[in-house]
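Hi,

Here is the model we talked about. Have a look at it first, then read my notes below.

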Amino acid sequence: MSEPQVDVILEACNMVKRYPGTIALNDVTFRAHRNKVNVLIGENGAGKSTLMRVLAGVESADQGCIYLNGSAIAVRSPLEASTHGIAIVHQELSVLPNLDLSENIFAGRELVKSGVFVDRGSQDVQSYAALERLRKPMPVKTQAARLSLGARQIVELARTLAHGAKVLILDEPTSALSMAEVDSLFRVIDELKQSGVTIIYISHRLHELLHLGDHFTVLRSGRVVGEAPRADVSRDWIVERMSGRVNAAADRDHIKPSKSATVLSVERLSLAASSGDEAAQAPVHDVSFKVRQGEILGVYGLLGSGRTELVEALAGCRKKSAGMIRLHEKIVRIESVPDAMNAGIMLVPEDRQRDGLIPDLTIRENMTMAATRGLFLNRTKETARAKQLVKDLNIAARNLELPVTTLSGGNQQKVLLARCLMCSPSVLLLDEPTRGVDVGAKAEIYRILRHLASQGMSILFTSSEIEETRALADRVIVLCQGGIAAEFADSEVTDEALFAAASPTVGTTATPLSGMPAL
Ligand SMILES: Nc1ncnc2c1ncn2[C@@H]1O[C@H](COP(=O)(O)OP(=O)(O)OP(=O)(O)O)[C@@H](O)[C@H]1O
Ligand SMILES: [Mg+2]
């Protein structure tokens with residue numbers, strides 16, 4: 001039975017958007033149902049962000065019409081979108097690093113008093129209220145540059161909350177958040193629904209979508225290939241439509257690393273808070289652990305647990321205040337990124353915009369830049385290797401000589417991984433290795449990482465996703481407030497155990513997502 005049209009608040013009809021060499025939207029008709037969470041899902045490069053950018057006035061379509069409450073509207077700019085009550089939290093965050101949180105939340109729409117003065121007092125109060133609503137009260141005068149990726153994602157959300165919106169588009173809002181933050185966000189989404197807001201929600205985390213979504217639309221290669229209410233949707237329904245394959249989920253194979261030699265040994269490592277600013281940095285104290293040859297060690301922790309700081313220190317991006325790092329028993333001095341690379345340690349960073357990709361370079365240059373660093377240049381060999389990795393990682397790139405920014409978000413993430421794999425490090429560090437990567441490609445990345453481990457590479461990854469931690473790790477250490485709170489062998493890891501170990505003990509209100517469907 002089709003749902004009555006009156007339920008549709010926003011409709012994009014027959015949308016076409018072409019980029020050179022690509023049809024990102026190929027006659028897409030998408031409906032957002034009033035007061036519902038409308039899920040839009042599809043593989044990396046399917047056209048989801050493009051469609052949302054069109055609805056939010058960031059880009060214009062080549063063809064197609066947008067209807068709000070049944071009337072055609074023009075959405076030629078973000079401002080025009082916001083006059084219609086349409087707001088977006090972009091996949092690639094747009095927090096301005098030099099402004100403080102409150103300035104960021106009101107950037108471009110400053111509150112004014114006496115006709116001319118920016119009303120900073122009211123901005124600060126409203127900003128704080130929005131952050132508090134997201135259960136992340138942070139000092140509103142903190143400079144955004146000092147925030148972690150997850151905290152910046154929360155600022156983006158606070159920005160849309162502070163402005164009020166009738167239709168709120170969230171393009172992968174949880175990609176840098178961990179379970180407690182996601183739980184808060186979901187409560188806010190529920191509250192927004194109750195107060196009459198319609199949500200359009202994009203994510204690759206299927207369990208979240210199944211928990212949250214009311215209505216589902218699946219995009220594949222710029223076309224709608226499925227549309228159904230939640231009652232008719234299952235995990236397999238989604239995966240089959242996304243990829244045309246059934247059950248692309250990763251199967252955990254049970255090949256254990258042998259009791260092999262210790263490759264990386266971290267002894268009593270501590271990092272000082274770099275700026276004395278609590279909202280920005282979590283220090284790490286007195287952390288010791290080992291990674292064996294061929295082992296995949298997972299580091300699980302909530303936002304602010306110190307997980308990113310820890311891997312950054314090992315990769316030479318951050319100075320340690322105490323402790324020692326040994327590689328193959330020998331003490332190594334890691335004071336800089338080149339030090340780490342020379343020792344054979346490489347990091348795939350969490351924030352591909354800030355620390356990773358160089359937007360002006362091509363896909364190939366982004367992939368090969370670390371491998372050519374200071375060594376000889378063998379363009380033919382490098383290009384061949386880059387092409388092979390594009391194939392192995394299934395990177396949807398038509399031409400490696402195009403700028404890396406022409407790739408969709410998930411494919412950019414795969415380029416970063418490819419860059420590190422080109423150098424064949426002996427220790428590979430990954431901070432949120434599949435942030436924004438679709439479910440099929442995730443399985444592929446897990447398979448590749450396991451293969452690399454089976455060939456002797458030692459891998460350490462952080463993840464805010466319990467599902468990912470369980471799928472990939474041979475062993476898990478849990479960080480909480482900068483210290484190791486627990487360690488589990490893969491057979492002992494459960495959602496409850498990880499969550500309990502990762503949560504600060506007293507006064508926490510967060511609980512795991514209740515009623516989340518099992519996968
Ligand atoms: N500025 C651009 N120039 C050229 N091609 C682009 C540009 N932006 C997007 N594309 C292409 O359009 C297609 C759709 O990209 P889009 O970003 O909408 O995908 P997506 O579904 O959001 O994927 P992801 O899950 O990886 O975020 C991709 O093939 C992408 O390479
Ligand atoms: Mg996208």
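Start with one open sheet: its 6 strands run in the order β6-β9-β10-β3-β11-β12, and the pairing is mixed. Strands here are DSSP runs of E with at least two residues, helices are runs of H or I with at least four residues, and both are numbered from the N terminus. Two strands pair if DSSP finds at least two bridges between them. At the edges of this sheet are β6 (86-89) and β12 (223-229), and each pairs on one side only. From one strand to the next, the twist averages 15°. Axes are lines fitted to C-alpha atoms, for helices over the stretch in contact, and angles run from 0 to 180 degrees between N-to-C directions.

Now look inside that sheet. Strands β9 (residues 167-171) and β10 (residues 198-202) are parallel and share 5 bridges. I169 has I200 of β10 as its bridge partner.

A word on the ground rules. This is a predicted model, where local features need pLDDT of at least 70, side-chain atom pairs count only at pLDDT 80 or more, and totals for chains, interfaces and linings use all residues. Residues are numbered from 1 along each chain as its sequence is written, chains are lettered from A and ligands numbered from 1 in the order in which they are written, and side-chain values use heavy atoms, with hydrogens and water left out.

Another open sheet has 6 strands, with mixed pairing and the order β18-β19-β20-β15-β21-β22. β18 (345-348) and β22 (483-489) stand at its edges with a single partner strand each, so one side of each has no neighbour in the sheet. The twist here averages 20° from one strand to the next.

- β19 (residues 427-431) and β20 (residues 458-463) pair in the parallel sense over 5 bridges. D431 stands opposite T462 in β20.
- β21 (residues 475-480) and β22 run antiparallel, joined by 6 bridges. C480 has G483 in β22 as its bridge partner. The two strands, β21 and β22, form a hairpin with 2 residues between them, and Q481 in the turn has a positive phi of about 50°.

Next, the ligand. How many residues surround ligand 1? There are 20, and the closest are G45, K48, T50, T406 and S408. A residue counts as near if one of its heavy atoms lies within 4 Å. By type, the shell has 4 nonpolar, 12 polar and 4 charged residues. Ala, Val, Leu, Ile, Met, Phe, Trp, Tyr, Cys and Pro count as nonpolar, Asp, Glu, Lys and Arg as charged, and the others, Gly among them, as polar.

Which element gives the largest share of the shell? That is α1, with 4 residues. Domain 1 (8-243) and domain 3 (356-423) each supply at least three residues to the shell; the bounds come from an automatic or database domain assignment.

A backbone N or O atom of G45 lies 2.8 Å from one. For S49, a side-chain N or O atom is 2.8 Å from a ligand oxygen. For T50, a polar side-chain atom is 2.5 Å from a ligand oxygen. Taken alone, ligand 1 exposes 640 Å², and the protein buries 87% of that (Shrake-Rupley method, 1.4 Å probe).

Best wishes

Key. Polar contact = N/O pair within 3.5 Å; in protein donor to acceptor, adjacent residues only side chain to side chain.
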